[in-house]
There are 2 protein chains.
Amino acid sequence: MSLLFKHLRIHQIFGANTDVGKTILTTALVRRSAAFKNEVFYLKPISTGPIEDADDEHIKRHCGALKNRVHTDCLYRFHVPVSPHLAARLAAGEGSQKVISDSTFVNSIASYVRRCASRGTDPAHMYIETAGGVHSPTLSGVTQVDCYRPLFLPTILVGDSRLGGISATISAYESLLLRGYVVDAVLLFRDEYYRNSEFLTPYFAERGIDVTAVDPPPPIPADPLEKIASTERYYERLVSEDTILPVLRTLDTRHERRLAELESMPRRSLDAFWWPFVQHGLVKGEKDVTVIDSASSDFFSVYDAQGAEGASALESQLDGSASWWTQALGHAHPTLTLAAARASGRYGHVIFPQATHAPALQLAERLLHDGPGKGWASRVFFSDDGSTGMEVALKMALRAFSTRERLEGTDRKALGVLGLRGSYHGDTIGAMDACAEEGVYTCEWHNAKGYWFDPPTVSIQDGHPVITLPPALVAAAAPSDCAVASESLSSVYDVAGRLSTPLAKVYRTYIGNTLQSLERAGGLRLAALVLEPLVMGAGGMIFVDPLFQRVLVDVVRERGPAPPPSTDSDAPAPWRGLPVIFDEVFVGLYRLGMQSTIPLLGVAPDISVHAKILTGGLVPLAATLASDSIFRAFYGTEKAEALLHGHSYTAHPLGCEVANETLRLVEKESRSEAWAAAQARWEIAPGTPGWVWSLWDPQFVWTVSRMDAVTEVMALGTVLAIKVKDSEAGYVSHSAQTLLQSIKFRDTGSESGLFSVHFRTLGNVAYFMTSLNTAPETIRSLEDKIWKALQKSS
Amino acid sequence: MSLLFKHLRIHQIFGANTDVGKTILTTALVRRSAAFKNEVFYLKPISTGPIEDADDEHIKRHCGALKNRVHTDCLYRFHVPVSPHLAARLAAGEGSQKVISDSTFVNSIASYVRRCASRGTDPAHMYIETAGGVHSPTLSGVTQVDCYRPLFLPTILVGDSRLGGISATISAYESLLLRGYVVDAVLLFRDEYYRNSEFLTPYFAERGIDVTAVDPPPPIPADPLEKIASTERYYERLVSEDTILPVLRTLDTRHERRLAELESMPRRSLDAFWWPFVQHGLVKGEKDVTVIDSASSDFFSVYDAQGAEGASALESQLDGSASWWTQALGHAHPTLTLAAARASGRYGHVIFPQATHAPALQLAERLLHDGPGKGWASRVFFSDDGSTGMEVALKMALRAFSTRERLEGTDRKALGVLGLRGSYHGDTIGAMDACAEEGVYTCEWHNAKGYWFDPPTVSIQDGHPVITLPPALVAAAAPSDCAVASESLSSVYDVAGRLSTPLAKVYRTYIGNTLQSLERAGGLRLAALVLEPLVMGAGGMIFVDPLFQRVLVDVVRERGPAPPPSTDSDAPAPWRGLPVIFDEVFVGLYRLGMQSTIPLLGVAPDISVHAKILTGGLVPLAATLASDSIFRAFYGTEKAEALLHGHSYTAHPLGCEVANETLRLVEKESRSEAWAAAQARWEIAPGTPGWVWSLWDPQFVWTVSRMDAVTEVMALGTVLAIKVKDSEAGYVSHSAQTLLQSIKFRDTGSESGLFSVHFRTLGNVAYFMTSLNTAPETIRSLEDKIWKALQKSS
């Protein structure tokens, strides 16, 4: 809910500490602003202590002769002179939970600001004064820098001119910077003895910020009337001298530059970028460019060039694609920023081969012992993204296979993979070669090597869970063999329970026969089974029947020779048949509501790949996990036999530390009340295992499945996929985009509902993806928007 | 120079502000430590003000009955009661440059600590008390958190118990965290009114840190004797109560855990990691694992399990491979950490296709207008690492070629590249396919597609610059045609001047004939020219004759049809012949002393790739630059014709912001005095262009080239490559590693020379690589170590 108005320049004032002169310096700014013939707004969101000492009262008293131009206000006033979080608790009754929430607090500021902005379109200034230091607690107890962050307002930092003030000022600045705030000016009192401003001026100049030292007020006279008069004389002098005017000019210039910068960004971006997966010939012009000024939790703050006069030039836009499926904890999560900062400050990046550092080691152990590698994986190989992680996985599998089969020379090159049609493993050419050549995932060197089954899929159609068999399977099965419409989604995902059904037998026979005829045909030699468990994302959010994937793994393994008996009964089984790769880049780490897909499928892979959520949606990093028997295929005394793959920033500490923090937070989220409530809506009893649940409301999902414009729908965890009716299918279709486009526009109504929605489509499939911690209210609000848009089209 | 002793637990004490009670609480710690029958050391590195008020005097006075166990000291004492940077300037004479440098200051602390540690091996404690707040300036004016950082000592933060102290304490903590410090405990005074500790205790508990609130001292009596007595009673009570003891226990436990953790890391790493490019079968055991505890500027701080009793368990190790060629500004550069934090705090990561954000836009514009794309590139495509950046480049080139040639179907797949033998472009399979299949860069799916010339190379042999021609060229050239021993290195790199030499003609004819016979032979169709300009790094630090690369580009372009005349005379020329790709991942951005290799070669590519230094050695990010005519090959109205390549974290704001900051800093470095001095040593006059220079001393380079153990040597910019005499050549050779292994051990001598060296070899080539800002003293010291090691072997 970041706000920016052309006619209304707004600054929030943070203090390097309590008692550094925030109110005095703000009063000077307010007076000087009023002298510009501007309307001036002053807001003190929270005030504690007696009203006669309140900062807004001080401003009112001393805003000068043009006080009719000055509007002061306070939103939350407590008369006890203690910190806001204590005052709020006392007011609500000690121990009460009814403390005003951060979102209520921030929304009330945003609404107030909008009201001020709508009073007219003449140039105006607004100052919002925080309380205490940057990290002083707010009503909820969250500290100010974090609480005010969604507003992302330009900032004035009032420095500390006292003994120790250099340190206090710089540290406060760094706390602001850790939340991304833009500091437009540093103001502080001049102090002839400590001369802090002399040190701070070049320090901040290097960081592009002007420091202004202002004469402090004279000692306060005892007589109350003389006190007011003396203070008035002080302000009079300050404003008439040329100290404050340059500050105002700077603030105005920064404001104008900010607007001009945002205004220029679409054109410049169209001229400089080559966007991924974008046909530039279809980009109509500047209005097709989303300018992201900042982001916070599930929202982008985007520039709206076309906004009504007097409206905010920034608006909230829900990140409905979780920024290409990366977001897990919301944008700019302060804990992840601090983790990144901590590792950067301790290591930067350091060399990894034959070396070790704590963030990488902790991450590897966590993935192996408490993560998706639990029980089967023995090694972690780090790379940079899902695509490189898959290249590593493929190299591992191919080598393991060709070593076991004692292949040499060109025999090694003729190897292929077994997979499912619709797979996607990334855009590097090796990862592409593990996918079928069809549609658009091609480049000149794409040379698909393998065989891909058409998979049966799961969806909800017209209120019923349905398993759709591909033609080949329909032909193979007697109609009575396949219970195509299943009684419930949970029963579809009860893989163990379905293993003995007739459909499982159909799958088994079909897979077995197909593999046998492939073998007989010769030419292609399959060396690995590569799967995206449960959902093929980029292929079109295809929810694959998990039973088919399970049977596929079983058949492939059973067809291989039994491995030699192990002397160590605790050791995980060596790979058999073909090395099995699970590409969990998209589906893993709770994207689908479960840490890993292994328990649901009931089989572990020999190699798995993890990225995206791994780093909480902040920076690229991938991990390829492997079982010991895969690792052994490269173990020897010849360097040439090693896995000769590496990237410069392999296991970069910043990424590993962010991943460690992410894994801690997502585990916490998986045990949250919000998740328990969502699971209960999907009729999963607390404490029992259950795979089929979603943060999306089941009633909503079922309702949508019955709508005219919709063919089928499916939801698991954070993912909602809606296939719309369309004559033209496939990746190049624009139908889903067209159908739902009305949700791209902003609602009116309450402050919290004032957002538009960014979403992406895969042809005729529109999908929406939340973070793991998206607020239930936000999801409800989004469901409502989707439902309305679909109704319009029906 | 991070220090860690088994018997001596050391903590540094930072304050959240001035006057928060650092000395009082440290006195309590010292007294309690002494009561444990330990030797206790107290160091106040800098003290300002009258000696009778000095903190070390206070400790001496109040360290209790066991004062014979307590040793106090102060290293820099100034009697003026002002901030250290002012005091130092006053002492040195106002305006004087002779202020004590940060490294002198930190070295003197390190030496002092070593002396204390060497007094015995009985358990001892040491407290080092800083001055003022965390960011108070030191002698040089650099603030404390940065100045003390190389010592990387465990930290106690003394919180602020006063009004505003919650904010001050948290901000100070965040400033410590931004430098990677580990905070073992927070101490502060109990204050019944503000109750800061009540807020801070759960706050820090969530971050794994215990907060201890301690009773404040009683009001100070006026009578000096009574003052001492009252203070003594206070300490007496503090120490006898059970407030301080648990703190000491925590500090001891943390110290032991830190040692145990470091001790356990080699074993655990051997069990959990699959290292890149490492044959695990050749890793002998724990001693072969480098445990990196932290890093700072050019040094790792590594754990030394085998150290002598009483010696530091951490030692400095020079990062002689610039951590796989990534480091440009030293590890853990605070400016880069702050850039990372700023972008993370503002955006996290945000979606990129058809979107824009300031860090990406600034970076793109910088690369296009002031960077390596200047004058020829029109677009920037972001990906994650050099390898993916090359895959993008190859996809661009192949499509541009096949579109121009109107190729369809399998004709498109038969395309290959033209390059040089010894090339390396990364480990993803597409990047591998652009390199010859030889030696070890293979995997089952590696399918080299192209033709690679054996290139002539440049080196210094026995004091002379030499151009070595490959056999095919020797055969093609009359002996008189080729001036094999050149008069100077600068003349070798004067490509423009050499274009009309007989050798250029030999190159031209040879290349032309070869391309012609390739065409006649058919089968392979060349679609791109792919070069690592000047140096093929991973191929063995092969310095290619730049004239050969220039002529190669010229010939390839001249052979293509002339492009249609352009209506826009300012537009850069469209690609001709073959799209030319420069892989500048390793060589670019000043690694070789120049921003880009384009001006030296005198030709621009159509596509270039940049990574490694791009992000200053912190996180992965790559940029592929393309000319407008390449971009146009994908421009149209069909989505399927777009460049369908992308990674989840494409253009992640954190990486882009770090890159922006890096480019600013490296440009600054390129104009630094240190660079001017190095260039002068290589006889480049100030302000004149000159390519052939290095941070390595020319005399050293020439001397090494004459040594018995050395075949040839070469240096450019930050890179030094030494080929050693060896019967066994190539990547699998271990000879260079063996020959130079003595520099892996630590020198004795002065504090600043106390380091071992990490370096990597490529078979019989040992290379050393500095950052752009490595201190000249460090390089001299390293040269000395290399020279001694080579002498030993000669």
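How many helices and strands does chain A have? In the predicted model described here, local features were considered only at pLDDT of at least 70 and side-chain atom pairs only at pLDDT 80 or more, whereas totals for chains, interfaces and linings use all residues. Residues are numbered from 1 along each chain as its sequence is written, and chains are lettered from A, with ligands numbered from 1, in the order in which they are written.

Chain A has 27 helices and 27 strands, where helices (H or I, at least four residues) and strands (E, at least two) are DSSP runs numbered from the N terminus. The radius of gyration of chain A is 31 Å, close to the 28 Å that the globule rule gives for 794 residues, so the chain is as compact as a globular protein of that length; the radius is taken over C-alpha atoms, and the rule is 2.2 Å times the number of residues to the power 0.38. The C-alpha trace of chain A spans about 105 × 65 × 55 Å along its principal axes. Of the 794 residues of chain A, 58% count as buried, a residue being buried if 20 or more other C-beta atoms, placed from the backbone, lie within 10 Å of its own, exposed if 12 or fewer do, and partly exposed in between. Among contacts in chain A between residues at least 6 apart in sequence, 73% join residues at least 24 apart, with a contact defined by C-beta atoms, placed from the backbone, that lie within 7 Å.

Chain A is divided into domain 1 (8-258), domain 2 (334-561 + 571-669) and domain 3 (674-793), with bounds that come from an automatic or database domain assignment. The centres of domain 1 and domain 3 of chain A, taken over C-alpha atoms, are separated by 42 Å. Helix α3 (residues 84-92) of chain A holds several buried residues, namely A:Pro84, A:His85, A:Leu86, A:Ala87, A:Ala88 and A:Arg89. The buried residues of α3(A) pack against β2 (39-48), β3 (70-78) and β4 (124-133) of chain A, and the helix is followed by A:Gly93, whose phi is positive, near 100°.

A rotation of 180° with 0.0 Å of shift along its axis superposes chain B on chain A with an RMSD of 0.0 Å, the superposition being by least squares on the C-alpha atoms of residues with pLDDT of at least 70 in both copies. That is the relation of a two-fold axis, and the same surface serves both copies, in that 99% of the contact residues of chain B recur in chain A. The contact takes 139 residues from chain B and 138 residues from chain A. On the side of chain B that touches chain A, the residues divide into 66 nonpolar, 49 polar and 24 charged; here Ala, Val, Leu, Ile, Met, Phe, Trp, Tyr, Cys and Pro count as nonpolar, Asp, Glu, Lys and Arg as charged, and the others, Gly among them, as polar.

Strand pairing also joins the two chains. Strand β11 (residues 355-356) of chain A and strand β8 (residues 290-296) of chain B pair in the parallel sense over 2 bridges, pairing being assigned if DSSP finds at least two bridges between two strands. In β8(B), B:Thr290 is the bridge partner of A:Ala355, and B:Val291 is that of A:Thr356. An open sheet of 5 strands, with mixed pairing, runs in the order β11(A)-β8(B)-β9(B)-β10(B)-β25(B). At its edges stand β11 of chain A and β25 (755-758) of chain B, each with a single partner strand, so one side of each is left without a neighbour in the sheet.

Within chain B, 6 of the 7 residues of strand β17 (residues 525-531) are buried, so β17(B) is largely enclosed by the rest of the structure. Strand β13 (residues 415-420) of chain B pairs with β17(B) in the parallel sense over 4 bridges, and B:Leu415 stands opposite B:Arg525. Strand β20 (residues 580-583) of chain B also pairs with β17(B) in the parallel sense, over 3 bridges, with B:Leu529 opposite B:Val580.

B:Gln354 lies in the loop between α11 (334-346) and β11 (355-356) of chain B and counts as buried, with 20 C-beta neighbours inside 10 Å. B:Leu589 is found in the loop between β20 and α21 (598-601) of chain B, where its 28 C-beta neighbours inside 10 Å make B:Leu589 count as buried.

Technical notes: Two residues are in contact if their C-beta atoms, placed from the backbone, lie within 7 Å.
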